[in-house]
Amino acid sequence: MSATPHPDDLAGVQRWFRRLYEHVRAIDYAGARPLFAEDMIAFGTFENFITSRDRVEQAQWRNVWGVTSGFHFRDEDIRAIVSADRLTAIGMGVFTSTGYHEDGTPYDRPGRTTVALSRKAIGDDWVADHTHMSLSRDVPTRSYGKR
């Protein structure tokens, strides 16, 4: 593993994070699906060890994406560790978003993400096999959406 990845590999990881936040902001579940392996495993806000992309969509994405806004990874803060064969990577990103209290008042909803990525060949797009998104300390875990 190398914490100083080939520039093309880092750019591909950064592109994966950018695509994800574009789909989250658009609340585009179908468009986001190709970014994730069908048999992925995720840690989620609402339950541990969510297995399969379909379950992650139901248990996590559909409980978060539509009730938050402004989700964005800071491109300059995306890091990657890439395997020697360049087919596996760990991507890390810091995100910002806005959550909403029950009365509709907004609050800052920052956090961080770690993603295990793989691909079949160098130059292919990365696909997430595992995700772990966590909010920063003292950030409410539930957002109710704009009112």
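**Gln 60 and its surroundings**

Colleague: Leaving aside neighbours within four places in sequence, what is Gln 60 in contact with?
Modeller: Gly 44, Thr 45, Phe 46, Ile 50 and Arg 55 are its contacts beyond those neighbours. Keep in mind that this is a predicted model.

Colleague: Where does Gln 60 sit?
Modeller: Gln 60 is in helix 3.

Colleague: Buried or exposed?
Modeller: Gln 60 is buried, because its relative accessibility is 13% and the cut-off for buried is under 20%.

Colleague: Which other residues of helix 3 are buried?
Modeller: Besides Gln 60, the buried ones are Arg 53, Val 56, Glu 57, Ala 59, Trp 61 and Val 64.

Colleague: And what covers them?
Modeller: The cover includes helix 2, residues 29–32. Strand 1 (36–43) and strand 2 (50–51) are also part of it.

Colleague: What span should helix 3 have, and why?
Modeller: Helix 3 runs over residues 53–64, which is 12 residues. At 1.5 Å a residue it should span 16 Å. Its end C-alpha atoms are 15 Å apart, so the two agree.

Colleague: How does the lining divide into nonpolar, polar and charged?
Modeller: The lining of the largest cavity has 14 nonpolar residues, six polar and one charged.

Colleague: New topic. Where is Asp 28?
Modeller: Asp 28 is in the loop between helix 1 and helix 2. It counts as partly exposed, because its relative accessibility is 28%.

Colleague: What is Asp 28 in contact with, leaving aside neighbours within four places in sequence?
Modeller: His 23 and Trp 65.

Colleague: How many residues lie between Asp 28 and Ser 143 along the chain, and what separates their C-alpha atoms?
Modeller: They are 115 residues apart along the chain. Their C-alpha atoms are separated by 18 Å.

Colleague: What about phi at Ile 27?
Modeller: Ile 27 has a positive phi of about 50 degrees, although it is not a glycine. Most residues other than glycine have a negative phi. Ile 27 is in the loop between helix 1 and helix 2. At 40% relative accessibility, Ile 27 is partly exposed.

Colleague: And what is phi at Arg 86?
Modeller: Positive, about 65 degrees, and Arg 86 is not a glycine either. Arg 86 lies in the loop between strand 4 (79–82) and strand 5 (88–100).

Colleague: Back to helix 1. Is Pro 7 buried or exposed?
Modeller: Pro 7 is in helix 1. It counts as exposed, because its relative accessibility is 60%. The C-alpha atoms of Pro 7 and Leu 35 are separated by 20 Å, with the two residues 28 apart along the chain.

Colleague: Last one. What pLDDT does the chain average?
Modeller: The average is 94, and 99% of the residues score at least 70. Confidence is lowest in strand 2, at a mean of 94, and highest in helix 2, at 98.

Methods: Residues numbered from 1 in each chain as written. Predicted model: local features only at pLDDT ≥ 70, side-chain atom pairs only at ≥ 80, totals over all residues. Heavy atoms only, no water. Helix = DSSP H or I, 4+ residues; strand = E, 2+ residues; numbered from the N terminus. Expected span 1.5 Å × (residues − 1). Buried < 20%, exposed > 50% of the residue type's maximum accessible area, 1.4 Å probe, protein only. Contact = heavy atoms within 4.5 Å. pLDDT = per-residue confidence, 0-100. Nonpolar A, V, L, I, M, F, W, Y, C, P; charged D, E, K, R; others polar.
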